[in-house]
Amino acid sequence: MSALLEHDESTGATESGPTWARQLNEESFSFTRAVGGWRGLTESVLPGLLFVVVFIIFHSVVGASVVAGVVALLAVGIRCVQRQPLTQSLSGVIGVGIGVVWALASGRGENFYTWGLITSAAFLVGFLASIVVRKPLISRGAGMFWELEAGWYRKEEWAGLNRRGLLLTWLWTGLFALRLGIELPLWLAHMVGPLGIAKLVLGLPLFALVTWLTWMGLKPFSPTKADEHPAQAS
């Protein structure tokens, strides 16, 4: 939920904050923009999709790893040639690269997905910890994005936003818990095919759904809605 400098391919602009979060100040939600546009969607999904397809067909960890790695590197290369920002493609190639190295080093296809399990566990712990210390990440993230005054969450007029942020933080916690609950047993059972399919289904599609629900939940509290006092939102 931290603010990042991210390129918006639909406008060509560079603004502060993730593309999906910037939609909080807009009247409609775009699923494609939330996942980085069609190009970002392709760059995120294609390496993992090809890995599981090649592995299922040829049962080759080496072949699947090479194909996934080459596709991820190709995405970065194309962006370099076109002189476009590399933020999204670089983050993707790093994750794919770690998975490829671990899969090849161990000779086990399921280790291509180990890094994803680790990051899901880290996010799960982070969201849970924010709830335990009563600083829910979604509440604090919304306050930072909207540049609300310091200590806004202690004020009665923003109590509704704080409660909604807590509920949505639980929603994100559930997302990562669901991923781990399904993917970890498959990883432990060395079921590479089902694990790869689960990774795809529980990846961007679920992320897009939860970001839309987050947008829907936070939108009524937007300070840009001049005709609506935040305390009136439920």
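Modeller: Let me start with a term: rings of Phe, Tyr and Trp, the last by its six-membered ring, count as a pair if their centres lie within 6.5 Å. In this predicted model, a search of the whole structure finds 15 aromatic pairs.

Biologist: What makes Phe 29 and Trp 215 a tilted pair?

Modeller: Their centres are 5.7 Å apart and their planes stand at 50 degrees; since stacked needs under 30 degrees and edge-to-face over 60, the rest being tilted, the pair of Phe 29 and Trp 215 is tilted. Phe 29 belongs to the loop between α1 and α2, whereas Trp 215 belongs to helix α10, so the pair ties together parts that are 186 residues apart in sequence.

Biologist: Why do Phe 29 and Trp 215 count as buried?

Modeller: Buried means under 20% relative accessible area, and because Phe 29 has 15% relative accessibility and Trp 215 has 7%, both residues count as buried.

Biologist: Why are α8 and α10 called roughly antiparallel?

Modeller: Helix α8 (residues 159-188) and helix α10 (residues 204-218) pack at an angle of about 170 degrees, and angles over 145 count as roughly antiparallel, so the name applies to α8 and α10. The contact includes Leu 168 and Trp 172 of α8 and Phe 207 and Val 210 of α10, and its residues divide into 11 nonpolar, three polar and two charged.

Note on methods:
Residues numbered from 1 in each chain as written. Predicted model: local features only at pLDDT ≥ 70, side-chain atom pairs only at ≥ 80, totals over all residues. Heavy atoms only, no water. Axes fitted to C-alpha atoms, helices over the stretch in contact; angles between N-to-C directions. Helix = DSSP H or I, 4+ residues; strand = E, 2+ residues; numbered from the N terminus. Parallel < 35°, antiparallel > 145°, perpendicular 65-115°, else oblique. Contact = heavy atoms within 4.5 Å. Nonpolar A, V, L, I, M, F, W, Y, C, P; charged D, E, K, R; others polar. Buried < 20%, exposed > 50% of the residue type's maximum accessible area, 1.4 Å probe, protein only.
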